[in-house]
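I opened my notebook to look up a sheet and some pockets. Come along and follow my entries.

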Amino acid sequence: MKNNNLNLLGDYFSIRNGLILIKDEIFILKEDNQIIFDGDDILIKIDDKFTKLNPLEKKRLKKVYKSRAVKPYGYLLEEQEGYLLFFNKSEFEQSDIGERDIKISKLYPNLSKYLKQFEQELKETLENANENCYDFYFPRRGSHIRQDRDKGLVNLEPLYDNSPKIFFKFISKENIFGYALDQYYATSDTYFLWSKKPTEFPLLFLLAYLNSSIVSFIFKSKSLAVKRSKTKIENGIPLPAFSKFKTKEKHSIIELIQLLTEWLVYSVNTFKESDVYLIISQLESSYYLQTAENLTYKDRIIKAMNDNDAKYIQEFINNLFYQLFDLDENRIDYLTKEYYNV
DNA sequence: AGAACAGTACTCTAGTATTG
DNA sequence: CAATACTAGAGTACTGTTCT
């Protein structure tokens with residue numbers, strides 16, 4: 001059955017857990033409890049006293065989320081778990097252990113003091129798991145990954161910090177794929193898609209595809225429910241061969257899918273009037289919506305956008321995918337309802 | 001109460017790097 | 001270049017929580 005020409009999600013993306021920490025409660029600092037924000041100052045609790053962090057130290061605190069924050073096209077801002085204390089091993093690569101310790105405590109005097117409160121406990125955990133106990137400053141997994149067998153490690157910090165990324169829950173029955181443009185760190189109950197090689201199609205198109213009813217159908221028909229296993233997702237989700245879409249009509253569908261997805265991303269996350277105006281103005285020049293038979297949809301889409309009706313936009317995207325793949329939407333709906341009980 | 005689920009982090013393994 | 005050490009990958013054991 002295996003078709004060697006089939007593009008799979010796993011061919012283009014590595015799926016990796018978020019950060020696996022030695023102990024979440026030590027590395028994830030909760031506001032008001034372990035850290036306080038006072039204007040531009042950040043204070044951290046060490047031996048029951050709040051101590052002010054230096055500017056370099058502030059950069060080591062990252063917004064961190066758990067999988068309950070994941071939602072289609074975005075994440076729930078209010079579900080931020082806390083601030084991750086993230087030391088990056090590659091910052092200290094060249095030094096030996098002793099030198100590294102000194103360097104850390106010089107550059108990050110307060111943060112290292114904070115961690116040293118728990119040094120014994122952290123070292124014991126690492127020792128027990130046969131891991132290097134001197135690395136108690138760092139996440140155990142998820143800060144660096146190997147993309148290809150013959151290539152070096154990729155440092156994910158800049159990608160977590162400031163790069164568009166797609167992620168989903170570690171355990172989920174549905175195809176819900178979140179998206180973040182800004183700083184988004186997550187614990188190991190979230191999986192991230194990290195690009196292995198440039199794909200032919202843009203990330204927003206992939207995001208739309210993964211959240212579409214097509215992939216929902218694939219999830220159900222292949223029983224791909226994510227349950228502590230990523231290989232099923234890597235090998236179970238086919239990616240369309242972009243080069244097959246040759247006609248102007250197909251390209252106009254792809255263009256419109258991206259535009260609508262962009263709107264969904266805005267509507268789910270930071271809703272800015274100016275961004276929405278820009279999208280609506282781009283709708284005017286959409287080739288797909290210019291043809292006589294599709295003209296009526298334009299007003300309907302604009303209305304849905306003004307009403308913040310994400311459901312309509314999602315359904316429209318679903319239909320666009322059916323058209324793109326020359327599928328009979330009624331047939332898929334029938335199959336889904338009849339045989340998958342939804 | 002017991003089952004099912006979700007979150008956490010433990011641990012085995014495979015592959016890479018180092019060393020002698 | 002073989003032996004050994006190290007590290008990241010992967011799956012799951014364990015535990016606390018929620019559902020029935």
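This is a predicted model: local features need pLDDT of at least 70, side-chain atom pairs count only at pLDDT 80 or more; totals for chains, interfaces and linings use all residues.

**Entry: the largest pocket**
I looked up the largest pocket and found about 520 Å³ of space in it. Its lining draws at least three residues from each of domain 1 (14–186) and domain 2 (241–340). I counted 23 lining residues, and S212, S213, S216, K220 and N318 are those nearest the centre of this pocket. Helices α9 (213–221), α14 (310–324) and α15 (329–340) each give the lining at least two residues. How do the residues of this lining divide? I got 8 nonpolar, 9 polar and 6 charged.

**Entry: the second largest pocket**
Next I turned to the second largest pocket, with a volume of about 420 Å³. Its lining has 17 residues, and L6, Y209, P238, L239 and P240 lie nearest its centre. The largest share, 3 residues, comes from α9. Here the lining divides into 13 nonpolar, 2 polar and 2 charged residues.

**Entry: a sheet**
I then traced an open sheet of 4 strands in the order β2-β17-β13-β15, with antiparallel pairing. Which strands are at the edges? They are β2 (13–17) and β15 (177–180), and each pairs on one side only. On average, neighbouring strands are turned by 30 degrees against each other, direction ignored. Helix α8 (203–211) packs on this sheet and touches β2, β13, β15 and β17. I also saw that β13 (165–169) and β15 pair over 4 bridges, with F168 opposite F177 in β15.

Conventions. Residues are numbered from 1 along each chain as its sequence is written. Chains are lettered from A and ligands numbered from 1 in the order in which they are written. Side-chain values use heavy atoms; hydrogens and water are left out. Two strands pair if DSSP finds at least two bridges between them. Axes are lines fitted to C-alpha atoms, for helices over the stretch in contact, and angles run from 0 to 180 degrees between N-to-C directions. Contact means heavy atoms within 4.5 Å. On a 1 Å grid over the protein atoms alone, a cavity is a set of points where a 1.4 Å probe fits but cannot get out, and a pocket is an open set with protein on both sides within 12 Å along at least five of seven lines; lining residues have an atom within 4 Å of a point. Grid points are joined across faces, edges and corners, and a volume is the space filled by probe spheres set on the points. Ala, Val, Leu, Ile, Met, Phe, Trp, Tyr, Cys and Pro count as nonpolar, Asp, Glu, Lys and Arg as charged, and the others, Gly among them, as polar. Domain bounds come from an automatic or database domain assignment.
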